[in-house]
Amino acid sequence: QRLFREHRLIDSVESLLPEMMRFTRDLVAQPSTLGNEAGALEVMAAELETLGFASRRVAIDPERLSSHPGFAPVPWSYAGRYNVIAQRAADQVGGKSAIFNGHLDVVSPEPTDRWERNPFEPYEKEGWLYGRGAGDMKAGIAAMTYALKAVEKAGFGLKAPVFIEAVIEEECSGNGALACRQAGIDADAVLIPEPFGPTILTTQIGVAWFKVTL
């Protein structure tokens with residue numbers, strides 16, 4: 001019975017691969033560098049709605065977050081900038097809840113004259129999808145989003161809710177994910193499908209940002 005369910009789920013995932021690839025390309029085509037994430041956020045929200053997952057925005061309020069030890073003060077504005085989240089409600093009880101978290105912001109492609117093509121023009125070559133942010137981590141966002149759709153398409157339900165978080169500010173502060181946490185979004189486990197290959201990592205080094213004034 002377990003093996004049957006596993007094969008059924010894998011078949012469901014593979015049947016959705018064209019949609020996952022199309023969604024990844026749509027995200028890569030959005031130049032979501034720092035402060036320019038609006039296009040990618042709109043694509044994300046539209047995809048969630050198409051899949052039947054009602055989405056909502058979670059704003060980043062620096063005044064509210066400033067007292068949290070995880071907040072990183074930044075010199076830029078958060079006006080009009082936000083995260084997109086959705087919830088897939090549970091069909092039964094007795095399971096463990098989860099958050100699927102991924103970031104839509106990407107590192108600047110500068111200097112663009114070093115690129116052979118437009119960095120925000122996704123293209124496929126020898127089985128790989130290229131473009132700024134394709135691996136880190138818009139492919140992961142497409143995978144985690146369609147993982148939930150695959151469960152539904154396979155005819156399975158959930159015994160606990162699953163949240164999808166598409167956040168910004170991962171490349172520079174982490175304040176996007178922090179805003180979701182402060183908004184009350186929590187679960188028993190978090191999955192972040194960063195591009196680490198076919199393995200699962202449960203620990204990772206941290207990064208310290210600091211400024212020296214002379």
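1. Surface. The protein exposes about 12,900 Å², and carbon and sulfur atoms supply 54% of that area. Of its 214 residues, 36% count as buried. Please keep in mind that this is a predicted model.

2. Fold and dimensions. There are six helices and seven strands in the protein. Read from the N terminus, the elements follow the order α-α-α-β-α-β-β-β-β-α-β-α-β. The radius of gyration is 18 Å, close to the 17 Å that the globule rule gives for 214 residues, so the protein is as compact as a globular protein of that length. Along the principal axes, the C-alpha trace spans about 65 × 45 × 30 Å. Among contacts between residues at least 6 apart in sequence, 82% join residues at least 24 apart.

3. Helix 6. The buried residues of this helix are Asn175, Gly176, Leu178, Ala179 and Cys180. Their cover includes strand 1 (55-59), helix 4, strand 2 and strand 6. Just after helix 6, Gly184 takes a positive phi of about 95°.

4. Phe71. This residue is found in the loop between helix 4 and strand 2. Is Phe71 buried or exposed? With a relative accessibility of 16%, Phe71 counts as buried, because the cut-off is under 20%. Neighbours within four places in sequence aside, Phe71 is in contact with Pro62, Leu65, Ser66, Asn175 and Leu178. Phe71 and Glu126 are 55 residues apart in sequence, and their C-alpha atoms are 42 Å apart in space.

5. Salt bridge Glu169 to Arg81. The structure holds ten salt bridges. In one of them, the side chains of Glu169 and Arg81 meet at 2.8 Å, N to O. Glu169 lies in the loop between strand 6 (162-167) and helix 6 (175-182), and Arg81 in the loop between helix 4 (62-65) and strand 2 (82-88), so the pair ties together parts that are 88 residues apart in sequence. Both partners fall under the burial cut-off: Glu169 is buried with a relative accessible area of 0%, and Arg81 counts as buried at 9%.

6. Other salt bridges. Arg88 and Asp91 meet through their side chains at 3.1 Å, N to O. Here Arg88 counts as buried at 13% relative accessibility, whereas Asp91 counts as partly exposed at 48%. Glu121 forms a salt bridge with Arg117, and the closest N and O atoms are 2.9 Å apart. In that pair Glu121 is partly exposed, with a relative accessible area of 36%, and Arg117 counts as partly exposed at 37%. A network of salt bridges links Glu19, Arg22, Asp26 and Glu47.

7. Aromatic pairs. How many aromatic pairs does the structure hold? There are two. The ring centres of Phe23 and Tyr146 are 6.2 Å apart and the planes lie at 55°, so this pair is tilted. Phe23 belongs to helix 2 (residues 17-28) and Tyr146 to helix 5 (residues 134-153), so the pair ties together parts that are 123 residues apart in sequence. Phe23 and Tyr146 are buried. The rings of Tyr123 and Tyr130 have their centres 5.3 Å apart and their planes at 15°, so this pair is stacked. The relative accessible area of Tyr123 is 22%, which makes Tyr123 partly exposed, and Tyr130 counts as partly exposed at 35%.

8. Charges over rings. The charged end of Arg5 sits over the ring of Phe156, 5.5 Å from the ring centre. Arg57 and Tyr82 give a second case, with the charged end of Arg57 over the ring of Tyr82 and 4.2 Å from its centre.

Technical notes. Residues are numbered from 1 along each chain as its sequence is written. This is a predicted model: local features need pLDDT of at least 70, side-chain atom pairs count only at pLDDT 80 or more; totals for chains, interfaces and linings use all residues. Side-chain values use heavy atoms; hydrogens and water are left out. A salt bridge is a side-chain nitrogen of Lys or Arg within 4 Å of a carboxyl oxygen of Asp or Glu. Helices (H or I, at least four residues) and strands (E, at least two) are DSSP runs, numbered from the N terminus. Buried means under 20% relative accessible area, exposed over 50%, partly exposed in between (1.4 Å probe, protein chains only). Rings of Phe, Tyr and Trp (its six-membered ring) pair if their centres lie within 6.5 Å; planes under 30 degrees apart count as stacked, over 60 as edge-to-face and the rest as tilted. A charge sits over a ring if NZ of Lys or CZ of Arg is within 6 Å of the ring centre and within 35 degrees of the ring normal. The radius of gyration is taken over C-alpha atoms; the globule rule is 2.2 Å times the number of residues to the power 0.38. Contact means heavy atoms within 4.5 Å. Accessible areas come from the Shrake-Rupley method with a 1.4 Å probe; for residues, only the protein chains shown count as cover.
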